[in-house]
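I wanted a record of what I looked up in this structure. The entries follow the order in which I went through it.

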Amino acid sequence: MKRRTGLGGSMRSVVGFLSQRGLHGDPLLTQDFQRRRLRGCRNLYKKDLLGHFGCVNAIEFSNNGGQWLVSGGDDRRVLLWHMEQAIFSRVKPIQLKGEHHSNIFCLAFNSGNTKVFSGGNDEQVILHDVESSETLDVFAHEDAVYGLSVSPVNDNIFASSSDDGRVLIWDIRESPHGEPFCLANYPSAFHSVMFNPVEPRLLATANSKEGVGLWDIRKPQSSLLRYGGNLSLQSAMSVRFNSNGTQLLALRRRLPPVLYDIHSRLPVFQFDNQGYFNSCTMKSCCFAGDRDQYILSGSDDFNLYMWRIPADPEAGGIGRVVNGAFMVLKGHRSIVNQVRFNPHTYMICSSGVEKIIKIWSPYKQPGCTGDLDGRIEDDSRCLYTHEEYISLVLNSGSGLSHDYANQSVQEDPRMMAFFDSLVRREIEGWSSDSDSDLSESTILQLHAGVSERSGYTDSESSASLPRSPPPTVDESADNAFHLGPLRVTTTNAVASTPPTPTCEDAASRQQRLSALRRYQDKRLLALSNESDPEENVCEVELDTDLFPRPRSPSPEDESSIS
């Protein structure tokens with residue numbers, strides 16, 4: 001193998017070395033080198049990309065080498081990162097000029113990497129030109145857009161999945177005001193859609209109540225196959241084809257990641273590990289490796305999990321459960337929602353509740369931390385206490401609202417504490433014998449405007465949104481009090497600083513807290529009386545599955561939270 005220099009006569013980093021085909025000659029030799037490198041790792045080097053002002057809800061590598069990464073989140077901005085420059089010289093990302101009015105949930109490159117599609121909570125898809133950063137077109141929807149996929153054989157065709165229960169096929173050559181082709185129309189939301197990379201007439205979907213489905217564009221309104229066997233009615237949030245279009249990887253709420261052959265309803269494998277759980281936020285998954293021999297998924301325990309797909313189709317025993325991850329990547333300080341793998345550089349990018357995008361690589365990069373053996377301790381933290389969360393919200397003077405005007409990329413303790421409360425509630429609910437635990441939808445209703453997709457509030461994205469009026473003081477305070485107690489210490493300087501006391505005396509403060517708790521009880525009672533019986537039945541059905549909810553380590557155990 002020879003080393004080939006890039007423009008300017010030298011290759012500045014491993015990323016550039018790999019992306020410019022620095023490892024060349026026999027392609028099988030190149031792939032074998034990469035494969036052996038990852039296989040010998042027990043951990044990966046990591047580095048943070050700073051640029052967003054809120055949760056990062058969507059990330060995508062560009063095609064044919066992954067030279068670029070596009071990201072979007074609660075700050076409503078679409079950022080384009082040149083990976084080698086961002087890693088080596090900390091060059092700031094390019095902000096595309098088209099800006100959303102609310103949280104961004106999904107992104108997609110066309111096959112030539114000349115255009116970027118972005119969709120989100122403002123009920124529209126924006127088409128961006130990569131070279132000029134200008135907006136080329138806008139495609140209006142009737143509800144929030146959760147998933148996007150561009151046809152692998154025609155860059156003019158893209159699919160969108162929406163909260164209104166529809167999967168739409170668009171042609172960018174047509175008028176954006178025209179009627180798109182409706183592939184599917186369900187009463188429940190579609191969270192994900194993807195074209196088959198080899199047979200583009202086929203699409204896979206993930207629906208919030210109908211589970212994972214396979215569709216033929218020639219036969220709309222009726223799925224070809226519903227996956228899951230007798231448990232096809234599951235809450236699915238993400239679905240991905242492997243590179244040759246023969247398998248599907250899916251995420252389901254409160255269930256392990258699952259792998260299907262596209263022609264069979266029954267799982268090939270399910271993947272679990274002690275500590276992994278997926279309940280509090282909407283997440284995505286992906287394949288990894290040059291042969292799609294691994295899968296990746298983020299978790300509510302702040303970790304990123306990588307499993308190896310067994311070569312033996314009979315592995316896993318009854319239920320075919322692969323119990324034990326190949327690698328658990330620790331370093332995030334809150335829930336990990338999004339993950340993508342670049343097969344050309346073997347680089348992983350992940351994001352979630354934090355404002356950062358974390359890069360993982362088997363190759364050491366400038367300014368990176370960690371090692372390949374997992375011997376270096378992480379900057380871990382524990383969960384915030386209930387009292388600390390209340391103080392953070394009340395003393396901020398603005399509840400959970402946020403306008404991002406200060407353009408801060410630093411960690412927001414209120415945001416971290418809010419999601420800590422969701423994690424604590426889920427863990428306590430799983431360990432409780434009570435049948436009266438609040439559902440996630442009730443939690444989200446109590447936090448006015450909270451989005452399952454980002455886990456944050458619409459008002460957090462934009463104070464100008466008509467659908468999300470700014471909360472009053474009582475509302476924002478009430479948002480704090482229905483959540484379960486937490487315990488936390490943190491090594492972060494910002495988060496570890498005790499909240500500044502307010503001017504009110506202890507007696508008046510206690511009186512205020514009591515009033516807020518009474519108001520909360522009334523809201524809980526009203527919500528429980530107004531809840532849809534059918535929705536409650538579905539929730540029960542989802543919980544009675546073949547695989548019990550994973551028992552997460554207690555947050556009281558500091559070693560369990562990274």
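**Entry 1: the sheet with β2 to β5**

I began with an open sheet of four strands, whose order is β2-β3-β4-β5 and whose pairing is antiparallel. I noted its edge strands as β2 (56-61) and β5 (94-95), each of which pairs on one side only. This is a predicted model.

I then looked at the pairing of β3 (residues 68-73) with β4 (residues 78-82), which is antiparallel and has five bridges. In that pair I found Gly72 opposite Val78 of β4.

How many residues of strand β28 are buried? I counted six of the six in β28 (residues 347-352), so this strand is largely enclosed by the rest of the structure. I checked both faces: Met347, Cys349 and Ser351 point one way, Ile348, Ser350 and Gly352 point the other way, and all are buried.

On one pairing, β27 (residues 336-342) runs antiparallel to β28 and is joined to it by six bridges. Phe341 is the residue I found opposite Ile348 of β28. The two strands form a hairpin with four residues between them, and Tyr346 in the turn has a positive phi of about 55°.

I also looked up the pairing of β28 with β29 (residues 357-361), which is antiparallel over three bridges. Here the bridge partner of Ile348 is Trp360 in β29. β28 and β29 likewise form a hairpin, with four residues between them.

**Entry 2: nonpolar cores**

Which residues have the most contacts inside the largest nonpolar core? I listed Leu44, Leu296, Leu304, Met327 and Ile348, in a core of 21 residues. The elements that give two or more residues to this core are β22 (285-288), β23 (294-298), β24 (304-308), β26 (327-329) and β27. β27 gives the most, with three residues.

Not counting residues up to four places away in sequence, Leu304 touches Leu296, Ser297, Gly298, Met327, Val328, Leu329, Val336, Val339, Ile348, Ser350 and Trp360. Apart from this core I noted another, of 19 residues, among them Cys55, Phe277, Tyr389 and Val393.

**Entry 3: Asp129**

I turned to Asp129, which is found in strand β8 (residues 124-129). What is the nearest side chain of opposite charge to Asp129? I found Lys115, 5.6 Å away; a salt bridge would need a separation within 4 Å, so the buried Asp129 has none.

I next looked for polar partners. The side chain of Asp129 reaches the backbone nitrogen of Glu131 at 3.3 Å, and a polar contact of 2.8 Å joins the side chain of Asp129 to that of Ser132. Not counting residues up to four places away in sequence, I found Asp129 touching Thr114, Glu134 and Leu136.

**Entry 4: Asp216**

Is Asp216 buried or exposed? I read a relative accessible area of 4%, which means that Asp216 is buried.

The side chain of Asp216 makes a polar contact with the side chain of Arg218 at 2.6 Å. Leaving aside neighbours within four places in sequence, I listed Leu183, Arg201, Leu202 and Leu224 as contacts of Asp216. I also noted Glu199, 17 residues apart from Asp216 along the chain, with a separation of 9.8 Å between their C-alpha atoms.

Technical notes. Residues are numbered from 1 along each chain as its sequence is written. This is a predicted model: local features need pLDDT of at least 70, side-chain atom pairs count only at pLDDT 80 or more; totals for chains, interfaces and linings use all residues. Side-chain values use heavy atoms; hydrogens and water are left out. Two strands pair if DSSP finds at least two bridges between them. Buried means under 20% relative accessible area, exposed over 50%, partly exposed in between (1.4 Å probe, protein chains only). Contact means heavy atoms within 4.5 Å. A polar contact is a pair of N or O atoms within 3.5 Å; within protein, one must be able to donate a hydrogen and the other to accept it, and residues adjacent in sequence count only if both atoms are side-chain atoms. A nonpolar core is a set of buried Ala, Val, Leu, Ile, Met, Phe, Trp, Tyr and Cys residues joined through side-chain atoms within 4.5 Å. Lys and Arg count as positive and Asp and Glu as negative; His and the chain ends are not counted.
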